[in-house]
Amino acid sequence: MSANKGLYPRWAWALTGSGHFFTESIALIKSLDAVDLFVSKAADEVLRMYKQDLPEGTRIFKETTASSAPVGRFYEGLYHTLVVSPASSNTVAKAVFGISDTLVTNCFAQAGKCRVHAIVFACDTAPEMITMAPKGPVPVYPRRIDLENTARLKEFDDTTVVESIEDLEAAIAARRLHLAEKAAPVDG
């Protein structure tokens with residue numbers, strides 16, 4: 001058991017069923033202290049496809065209840081940041097239209113209602129992309145609606161939408177800095 005398992009507030013990280021930068025997202029989770037991981041049913045399948053192990057010492061909540069009961073933790077002030085990475089086009093579309101019928105979309109909705117900052121790594125950000133599938137790189141061509149939904153999500157309050165793994169790393173670093181500055185004592 002990790003010493004950080006009981007440290008709060010902490011990072012909430014939600015995994016969707018997208019394979020786009022999935023392994024890189026897992027690596028980033030492993031680089032953070034004090035993470036609660038929310039794993040959708042689809043993400044649980046992708047974890048097995050990509051042969052990824054979840055980080056040791058991380059509290060893991062899987063999608064096992066219809067009401068997404070673990071999201072009540074947002075109301076307890078347990079999280080300073082929600083990261084949704086990778087965010088599938090399905091998750092982005094539901095988030096944009098206020099649909100919260102999965103563990104991940106419920107996390108996003110509750111984070112917004114509790115004013116917990118969200119960082120979303122949207123997968124569909126360009127008309128043509130290369131993504132890594134379990135057997136290697138493949139070209140993908142996001143639909144216009146997927147690109148439009150990503151653009152709409154960028155308009156949400158207290159939400160940072162990133163379009164690359166480098167942008168995600170930078171957003172996490174910026175959030176860490178913000179949290180450190182907020183926690184620093186004020187000289188009087």
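Is Phe108 buried or exposed, and what is its relative accessible area? Phe108 is buried, with a relative accessible area of 12%; buried means under 20%, exposed over 50% and partly exposed in between, for a 1.4 Å probe and protein chains only.

This is a predicted model, in which local features need pLDDT of at least 70, side-chain atom pairs count only at pLDDT 80 or more, and totals for chains, interfaces and linings use all residues. Residues are numbered from 1 along each chain as its sequence is written, and side-chain values use heavy atoms, with hydrogens and water left out.

**Aromatic pairs**

Rings of Phe, Tyr and Trp (its six-membered ring) pair if their centres lie within 6.5 Å; planes under 30 degrees apart count as stacked, over 60 as edge-to-face and the rest as tilted.

| Pair | Centre distance | Plane angle | Class |
|---|---|---|---|
| Phe38 and Tyr79 | 5.9 Å | 75° | edge-to-face |
| Phe108 and Phe156 | 6.0 Å | 50° | tilted |

Phe38 belongs to strand S2 (residues 35-39) and Tyr79 to strand S4 (residues 79-87), so their pair ties together parts 41 residues apart in sequence. Helices (H or I, at least four residues) and strands (E, at least two) are DSSP runs, numbered from the N terminus. Both Phe38 and Tyr79 are buried, and together with Phe61 and Phe74 they form one aromatic cluster.

Phe108, in helix H4 (residues 103-113), and Phe156, in the loop between helix H5 (144-153) and strand S8 (159-162), are 48 residues apart. Phe156 is partly exposed, at 29% relative accessibility.

**Gln110**

Helix H4 also holds Gln110, which is buried at 7% relative accessibility. Neighbours within four places in sequence aside, Gln110 is in contact with Val71, Phe74 and Tyr75, where contact means heavy atoms within 4.5 Å.
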